[in-house]
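Here is a short briefing on selected local features. Keep the coordinates open while reading.

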Amino acid sequence: MANKATKKKSFWDQYKLPILLLGGIAVGSILGIISPAAGKFVKPVGDIFLNLLFTIVVPLVFVSIASAVGSMMNMKRLGKILGSTLLTFLATGAIAGVCVLTWVNIFSPSAGTNIQMGEAEMGEMQSAADMLVNSLTVSDFPDLLSRSNMLPLIVFAIIFGFCVSACGGDESPVGKLLANLNEIVMKFVGLIMVIAPIGLGAYFANLIGEFGPQLLGDYGRSMAVYYPLCLLYVLIFFPLYALFAGGKLGVKRMLKSIFAPAVTAFATQSSVATLPVNKEACEEIGVPKDVSDLVLPLGATAHMDGSVLSSIVKIAFLFGVFGIPFTGVGTYGMAIVVAVLSAFVLSGAPGGGLVGEMLIVSLFGFPAEAFPLIATLGFLFDPAATCLNASGDTIASMIVARLVEGKDWLKNAVAAKTAAGKEA
C-alpha cells in the first residue's frame, strides 16, 4: 500500500502543473462556450496573468544570458554552444520543411475552398539589409526593454556577458549580482506560475467565447490539414530528437517534462510567455544551465519548426486559391527559404506572425488581397504552431547539450543530481 501511495504521489508531483493547466483551460473553454459574456467578464484575470509573464520576460532573457556568458571563462565552450544551437535550429527547420512539403502534396489545404477575398493594403517591405539591421539591433537603449525586440536584447546580453567574463567573470561584483538576480527572477517566475491555471482558464474563456465561431467554415479544410500534421510531427520527431539527444533516458525525461511548456504555449500562443516554463522543464530534465540559458531565449525568436510547417501550408493554400500549381524543385526551395525567413522574423508575442505573413505575400508576388486570407489562417494556426515552437525549444536544448557535452551528458546529469540528493 505504501508503494502505491508513493507512486501516486510521485505521479502527481511530476504532472501536477500540466494537469492543473489543462484543467483550467478545460473549465475556461466550457465557460466560453456556455456563456461568451462570462468569458468576457473574466478576461481581465487572463490579461493580468499574461501581463505578468510578459513583464518578467525581458529581465529573464537578459539576466539568464548575461549570467551564463559572464560566468563562462571558456569562450571555446560559448562558441560551441552557439554553433550547436544554430546547427540544431537549421536541421530541425529543414526536416519540418521537407515533412510539410510532402504532406501538402498529399492533402491540399485549399481543396474545396470557396473564399471571397476582401481588400487589404500591404505595407512597404524593408530591404534585406534593413531587415537584418532592425532584427539584430535597435537605435536606442530603452528600445531593448521591449519584448518586441528580443533578438537585439539577446545580442546585447551576449556582448554584455562577454565583457563581464573578460572583467572577472562570476567572481566579479557584477557577476555575483547577475547570479543573484537570476535566482530572484526564477523565484518571481515560480510565484507567477502559482496562478497559471486560473489565468489561462480566464484567458481561454474569453478566447473561445469571442473567436469560437471563426473556427468553422472555409478555413476548416486547412485546419484539418495542418493540425494532424503538427500532431504527427510531435509524435514522430520529438521522440526521435530526444532519442538522439539522450537515448531512451532522454525520451523518458522529455515525455515527463514537455507537457507544461506545450500546454502553456498552446494557450498563450507565445513562445516568449512560455520561456519561464521551458526553463523549469530543462532544469527537471537535467540540461546544463549555461546551455538552456542560451538556447531557450534564442529559440523563442529563431527556433520555429511549427511556424515553418504553418508557413508552407499557408503558401500552398494561396497557390491553390489563386490557381497556381504548387510544384517544382524551384517552388519548393523558395517555399522553404521563405518559410524559414518568415519564421525567423516572428516576434514572441501573440499574433506576431503578421510580419512573416506579409513577407510571404511580398516575396511570392501575391496580390494584396492575399494578405487577409493568410492573416486569418495565421490566427487559426497560431496555437499549434506556437506549441511546436516553444516545446521544441526544450528538446533543442537537449540536442545542444548532447553536441556540447557528449552522448553521456544526461546519464552524468542524472547521476550527479541523485548523488546531490543523497548528500542532502
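Predicted model: local features only at pLDDT ≥ 70, side-chain atom pairs only at ≥ 80, totals over all residues.

Helix α13 spans residues 305-321 and contains D305. The largest nonpolar core counts 109 residues. No disulfides are present.

- D305 is buried but forms no salt bridge.
- For D305, the nearest side chain of opposite charge is that of K314, 14 Å away.
- Beyond residues up to four places away in sequence, D305 touches T92, G93, A96, Y233 and N389.

**Nonpolar core**
- Within the core of 109 residues, L309 and F326 have the most contacts.
- Helix α16 (residues 370-405) supplies the largest share of this core, 16 residues.
- L309 touches A96, V100, Y226, L229, C230, Y233 and L388, leaving out residues up to four places away in sequence.

**Helix α6**
- Helix α6 covers residues 150-166, 17 residues in total.
- At 1.5 Å a residue it should span 24 Å, and its end C-alpha atoms are 24 Å apart, so the two agree.
- Its buried residues include M150, L151, P152, L153 and I154.
- Further along α6, A157, I158, G161, V164 and S165 are also buried.
- Just after α6, G168 has a positive phi of about 120°.

**Cysteines**
- The structure has zero disulfides.
- C163 counts as partly exposed because its relative accessibility is 41%.

Technical notes. Residues numbered from 1 in each chain as written. Heavy atoms only, no water. Helix = DSSP H or I, 4+ residues; strand = E, 2+ residues; numbered from the N terminus. Buried < 20%, exposed > 50% of the residue type's maximum accessible area, 1.4 Å probe, protein only. Lys, Arg positive; Asp, Glu negative; His and termini not counted. Salt bridge = Lys/Arg side-chain N within 4 Å of Asp/Glu carboxyl O. Contact = heavy atoms within 4.5 Å. Core = buried A, V, L, I, M, F, W, Y, C linked by side-chain atoms within 4.5 Å. Expected span 1.5 Å × (residues − 1). Disulfide = S-S within 2.5 Å.
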